[in-house]
Amino acid sequence: MDPIRVPPEMFRFTSGDRAGLDVSILHAFGEANERLETALSLDDVRAWLRSIGWLEAIEDDELTGRLKQLRDWNLVDVVQNHSENYRTAGEYERRNLQYSLTRQGEAAFAGVVHAMNVLAATGALQTAVLDAIADRLGDLVRELDRGTNRRIFTALLELEAHLEALRGNTKQFNGELQRLLRADGANLTTFHEVKASTVAYLQEFLTNLEHRAHTIAVRIQQVEDHGVGLMQLRALTGADLPQLTTSDPGPAWLEHRRAKWAGLRAWFLPVDGSQPRVEHLHIVARKAIITLLQVLDRITESRRRTSSAVSDFRELARWFTVVPAQDDLHRLWSTVFGLSSARHAHLAHPDPELISSTSAWAEAPPVEVSPLLRTSGRTERFSRTGKVRDVAAVRAARAEQARAERAELEAAWDMLDTGGPVRLSSFGTLDHSVFERLLDLLGRALGAAPGRGGGRRSTTSDGRIEIVLRLPRDGSTAVLTTPRGQFRGPDYDVEIRTAGQRPVRRTAGGRP
Amino acid sequence: MTKLDNQLVAAEREEVAHGIRWLLAAPLITERSQPETFDLVRRRRDPIRQWFDYYCGWTLTVEPRLGYARLVKVRTVTDPTRPARRLRSGRTPFDRRRYALLCVVAAELLAVPVTTIGLLADRVGRATAADDVVPNFDTAIRGERMAFVDVLRLLELYGAVEVVDGTTEAFVDSAEAKVLYRIDATLLLRLLAAPVGASQLAVPVDEVALRFDELLAAVSRERRYGLASGAHDETASHSEVQRNLWLRHSVFRRLVDDPVLYFDDLSADERAYLASPTGRQLLRRAADQAGFVLEERAEGVLLVDTDGIATDTRFPDDAGTAKVAALLLLETLTRPSTMEQLEIEASALLDRFPRWAKTYRDDDGPRQLASDALAVLAEFGLAHQEAGLIRPLPAAARYAVRDARTTGSGETTS
């Protein structure tokens, strides 16, 4: 379609403070035109205004003023009637001047009427319209065989009207559907009902849609076989168009028919083999059903779960607003949300077990508070965290033992350092204790979530040893031998590093 | 391989203990804000979950894929000193407006998966307009926008909303700011810890203030302890099992969450439970597993976290003048004193430390310092104010000067 250009003043009468009167005047002209009265005098206009329900009194001056304005907007034209006798200038004005709608005025009012209809109408997908299209196409085929031009003309126009209805209805229905999908809030119950019935409606429409579309496509093809151009020419002859202007209306009319026919084909049997629009309709309807069902689910679901939380939050907002004291606010927060931190002392006795649990606090020795804090209000930075080192000193022996074990373990971990990625199978034969450590590291790595490249990375809890594991591409199996038996598993790419920058040692059975 | 096992067990114990204390400090840990902590909790979730479930009856939910761990701390809180705080340099506690807005925002966020700050503000505006109790939210006022931003930033911290585009802070300067959020509805639901929803109680709004304590107890009531949920109600109908469960949970909830647990604050049943061999044994084991040092005394029990992990604030500490003053005031606060006496001590301290904060330098300084220091002592369960008299609590003796009990020469200690 060509870009639409609306004459600038065409719809000015619908806005402004006198819009009500202006629209009524045009309405009056419209009503009069239906009775085939086209030229109205001032009194006629007044009479028609009253008949369409404009009951306010209007002064002559005002009415002429509005008519003049409408004339300026090129909606109303004025003609003079010289066939009567006039006694005064006033009477001349009242009865000599006759007003009629211009072409633009007629169109503008029709536009407004149409707009109001669209606004009030509800769209529907009607299978009846599809049936009607198929029927009219059948008629056309029959009439092309042995009918008159006049009947071809009426059948064609009916066909076009039905197609127009289909387009209009679909557009409107789709618009409403999408608005329905967007809408939230409202009354949940009615919402629920509307959506449920819409789903049922759509499902019914979809049944046999394909079958009907197919029938239509076949009949379009039949008409095409007779020749569309011929059909349209015969329709033109049948139309018997009046020639009201100097130019021949025929070509324009034919052009119109061609456009409509192209529209019909686009809907059911596109020339370029692309997807017919009726299938889009299918898709939209299907999608809408799914979406609607999901929305319904969500409503039911949210009713069950979220809605209570929403009302809890709303109720709490009210509580927070009316709770009396500042302290109560914080207590409410801590109780309801449970997000507050615990609170504990951090200074302990060097050896808590030396003090009896039955002695009073006043009798027990105090904890060591930094003397500097008392004298200067500062804590020594290095002793900020009163570490448990004191406890360790009390249990020196155990700590020493732990350190020794640690050292041994670290030595073993050092032995496992691969110095770069190796295959698991390259470890070959291992001492059992070293094998257990390797197993521990593998376990840690496998316990970690795989990284971006598919490698699993883990460290020991002290961060000293790092292991990276990648699944081999070839899917081979590694066999490790220890004095106590054999271990089989996927032949991972293994990389074990110690953080301490120690000289890299080779594993027992590792690569040279 | 006992040596290796020892090491592994030690490592695991340490991790579990850390995990427990981290969760006590931050009941909601997200992978985004604390990746390492979250990873540890994720790995050790089973023993940590068991610890909380057994001792406190608190549920720990770890969502490895969604990236958060939530400890649902259920208890009727009596301590008002642990508020939500604004995520700004002053860490000011939330005020009434911010708390209320937080709830309204959370309610509105539940309805949509994605939103922008402008749309959200509209929704909040409409919600408050429809509510005749909560004051209307008006984005034209800068202070309101500021409160709104504080609320959103807290929700961001908790991971309930995620900023996809823009920065929330920009909204303070202009209501036209463009910020896009993605909302995690399940996490929003999990923000509420109370087992009973506020809306279920259906209390008329003008009674909320009058029945406040009752309401706090009502929202934190759990059904598994029997009909009247045990607390201090002797007539409640509940089985022996439920009663024991309730005793254990109620004692441990206070113990792991509060700085000091005084026997005087417990019911006779709870005291008896703690004194029983089972109770003592559990106490030791719980402290040990969580890496706390247990301190048992005649007057009460406390858990010491020597790493200072499971706490929002420390004492003694030099983090503020009030804390230092609190420590020094303890030296003189060996018997009940009046506020006036404390003020005299405070002004002596101000003379002794001429470089202390300017805040306390005007005429009202000593009074302010004394009350701030007292607040610190109250936060740590070391002092208690009642009827104008300030009473030191037994645990205050922990911080006494070693040899100062005999003379008044405390000020010359060096």
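## Sheet, cavities and local backbone features

Strand β4 (residues 422-423) of chain A runs antiparallel to strand β9 (residues 493-498) of chain A, and 2 bridges join them. The model described here is predicted. Within this pairing, A:R423 stands opposite A:D493 of β9(A).

β9(A) is also paired with strand β6 (residues 465-470) of chain A, again antiparallel, through 6 bridges. Here A:E466 has A:R497 in β9(A) as its bridge partner. A:E466 is in turn the bridge partner, in β6(A), of A:T459. β5(A) and β6(A) are antiparallel and joined by 4 bridges. The pairings are set out below.

| Strand pair (chain A) | Bridges | Direction |
|---|---|---|
| β4 and β9 | 2 bridges | antiparallel |
| β6 and β9 | 6 bridges | antiparallel |
| β5 and β6 | 4 bridges | antiparallel |

Taken together, 4 strands of chain A form an open sheet in the order β4-β9-β6-β5, with antiparallel pairing. β4 and β5 (456-459) of chain A are at the edges and have a single partner strand each, so one side of each is left without a neighbour in the sheet. Helix α18 (residues 432-447) of chain A packs on the sheet and touches β5, β6 and β9 of chain A. The direction of α18 makes about 65° with that of β6(A).

Rolling a probe the size of a water molecule over the atoms shows where empty space is left. The structure holds 6 cavities of 30 Å³ or more, and the largest cavity contains about 90 Å³ of space. Which residues line the largest cavity? From chain A, the lining includes A:S334, A:G338, A:S340 and A:S341; from chain B, it includes B:K73, B:R75, B:V77, B:R82 and B:D257. By class, this lining has 4 charged, 4 polar and 1 nonpolar residues.

In chain B, the unreviewed UniProt entry annotates residues 99-121 as "transmembrane region". In the model, this span is 70% helix and 13% strand, and its end C-alpha atoms lie 16 Å apart.

Two local backbone features remain. Most residues other than glycine have a negative phi, and most peptide bonds are trans. The peptide bond from B:F315 to B:P316 is cis, with omega near -5°. B:P316 lies in the loop between β9 (300-304) and α14 (321-332) of chain B. A:L36, a residue other than glycine, has a positive phi, near 65°. A:L36 is placed in the loop between α1 (19-34) and β1 (40-41) of chain A.

Definitions and conventions. Residues are numbered from 1 along each chain as its sequence is written. Chains are lettered from A and ligands numbered from 1 in the order in which they are written. This is a predicted model: local features need pLDDT of at least 70, side-chain atom pairs count only at pLDDT 80 or more; totals for chains, interfaces and linings use all residues. Side-chain values use heavy atoms; hydrogens and water are left out. On a 1 Å grid over the protein atoms alone, a cavity is a set of points where a 1.4 Å probe fits but cannot get out, and a pocket is an open set with protein on both sides within 12 Å along at least five of seven lines; lining residues have an atom within 4 Å of a point. Grid points are joined across faces, edges and corners, and a volume is the space filled by probe spheres set on the points. Ala, Val, Leu, Ile, Met, Phe, Trp, Tyr, Cys and Pro count as nonpolar, Asp, Glu, Lys and Arg as charged, and the others, Gly among them, as polar. Two strands pair if DSSP finds at least two bridges between them. UniProt positions are given in the numbering used here, feature names are shortened, and annotations may be inferred rather than shown by experiment. Contact means heavy atoms within 4.5 Å. Axes are lines fitted to C-alpha atoms, for helices over the stretch in contact, and angles run from 0 to 180 degrees between N-to-C directions.
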